[in-house]
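Please look over the structure shown here before reading the briefing. It is written for a reader who has not seen this structure before.

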Amino acid sequence: MSGAQHHGRVRIEHVSVELGDGGSRFEVLHDVSLQVEPGEFICLLGPSGCGKSTLLGALAGHLQPARGTLQLDGEPIAGPDPRRGLVFQHHTLFPWKTVLDNTSYGLKMQGVARAERERRARELLALVGLQGFEQRYPRELSGGMQQRVEIARVLINHPRVLLMDEPFGALDALTRSRMQELLLELWARMRTTVLFVTHDIDEALFLADRVLILSPRPGRIVEELRVPFERPRNAALLTQPAFTALKRRCLQLLRHDGDGDAPPLERLTPLGPPQPEPAWRFAT
Amino acid sequence: MAGLIDSVKVRPLLQAASVLLCVLLWHVAATHRLNLHVLSFANVPPPAEVAEAAWRLLHSPKLWPHLSSSLWRVGLGFGAAAVLGVGLGLLIGRLRWAHLSLLPPLEVLRPIPAVAWIPLAILMFPSSEGSMVFITFIGALFPILLNTIHGVESVDARLIASARSLGTGRARLFAEVIVPAAAPSIVTGLSIGMGTCWFCLVTAEMIAGQYGIGYYTWESYTVQAYPSIVVGMLAIGAMGMGSSVLIRRAGDRLMPWHRPQGAAR
């Protein structure tokens, strides 16, 4: 697992994104500019519907911005690419593949031989704590385990930037805090750039080097906070006075912007909402 | 009481008793030549005579020709419908140009019941064999096609986005994601198609056949071998059910990852 300190510089310049067709077209992101250094951990914090996920979708190459440019290491972003790994809130593991086959999928696409890709997948699964679950199917795992596989599946490609869209948002509190610690551990090993979307202030402050606060739609970056806490961090940090002070500041910023009583915006799902597995019936 | 019904030992007994009761009612109605004016059991053969006719058929040299010609026709018609239905369904469900250019004519033909094709099929095909296979094919095609299209269209968009982000090219996306994701729906289509296949075959055989289960049933009527009619009917039911079960089993085998919702592991 070699580091990638020289790779993973993200440049977002004056990006606006519009969604919808024809008359119902509306601006989701307005003139967003951002520079991310290689290996940096950035959290995008904002209310539901502010376009955080849309920004990740554009960085992943699934959405085309209306204006502005997106670059990774000086190259413009055009279409999806394994160098930019994407993790969703609800796992997108292939239900028909075992944990091992899901994890090694990216290598299969690169044409790596089966024995080699399985060796590397086993290594990575051990790293995320899933030794012994290689032959299970995703539906046999708990939510937390599914997200571990999802992260392993993305990391096997050694992405230069990891795009995470509220990856722990659907987990219970205890599992979530374990997953946050695991993610920091993995990140310390791999030193890939991370852009992490969340609406959980604790989560953002616990994980990030820098927290960017977005306004409601159309999303703009309204404030940037440096998070000075030393690493490695653990859950005890959440109860320290310095942490609480920073959290209070975040709350003020989030409330201050716009009118506090505005109804919450509808959640945007530019890449489609998660779908329940269709029922399999036999109408004979 | 509910506990008693749910117990594993009692359930099959209850189910068997229910079937036996129906046979008994049939026996009573047939032997007493029950006449209800709107419907009459006067010409309905009782169960014992049917069993005897079944026994005769089992030992008749004509049994195998009847069975094999029906199976052969279903095999051909269903096979062609499966290949074309799944193939077209994958294209129509995934590609916009295919959706726009291939679907409209199929939509026009879809509401026409397969049985309504019989006269035209007889005119179109020089051999009656060809027309019967064609009817079977038409019957199976639409359930398979529509279920495949539905399966492809309802593939989770996030799954496709993920696969693309993991480096899947457009061509491999089909084999790696679209087909397996649509597989449960395709198997449902195949199973329904198999049912309609038998339905259409039997109808076609009654009109144009020389051998076959449907022909046997209709011939029994024309030569007044009434018990044999019921034997034919039961045989058709058994064949249709058997082939559907076979497809379902094959589906379970090929998709160990899939379980119908609500079913226990």
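The briefing below covers the model, then chain B, then a sheet in chain A.

This is a predicted model, in which local features need pLDDT of at least 70 and side-chain atom pairs count only at pLDDT 80 or more, while totals for chains, interfaces and linings use all residues. Residues are numbered from 1 along each chain as its sequence is written, and chains are lettered from A and ligands numbered from 1 in the order in which they are written.

**Chain B**
- Chain B has 11 helices and zero strands, where helices (H or I, at least four residues) and strands (E, at least two) are DSSP runs numbered from the N terminus.
- The radius of gyration of chain B is 23 Å, whereas a compact globule of 265 residues would have one near 18 Å; the value is taken over C-alpha atoms, and the globule rule is 2.2 Å times the number of residues to the power 0.38.
- Along the principal axes, the C-alpha atoms of chain B fill a box of roughly 75 × 60 × 40 Å.
- Of the 265 residues in chain B, 38% are buried, meaning that 20 or more other C-beta atoms, placed from the backbone, lie within 10 Å of the residue's own.

**The sheet in chain A**
- Six strands of chain A form an open sheet with mixed pairing, in the order β6-β7-β8-β3-β9-β10; two strands pair if DSSP finds at least two bridges between them.
- The edge strands of chain A, β6 (84-87) and β10 (221-226), each pair on one side only.
- Strands β3 (residues 41-45) and β9 (residues 210-214) of chain A pair in the parallel sense over four bridges.
- A:C43 stands opposite A:V211 in β9(A).

Note on methods: A residue is buried if 20 or more other C-beta atoms lie within 10 Å of its own, exposed if 12 or fewer, and partly exposed in between; C-beta atoms are placed from the backbone.
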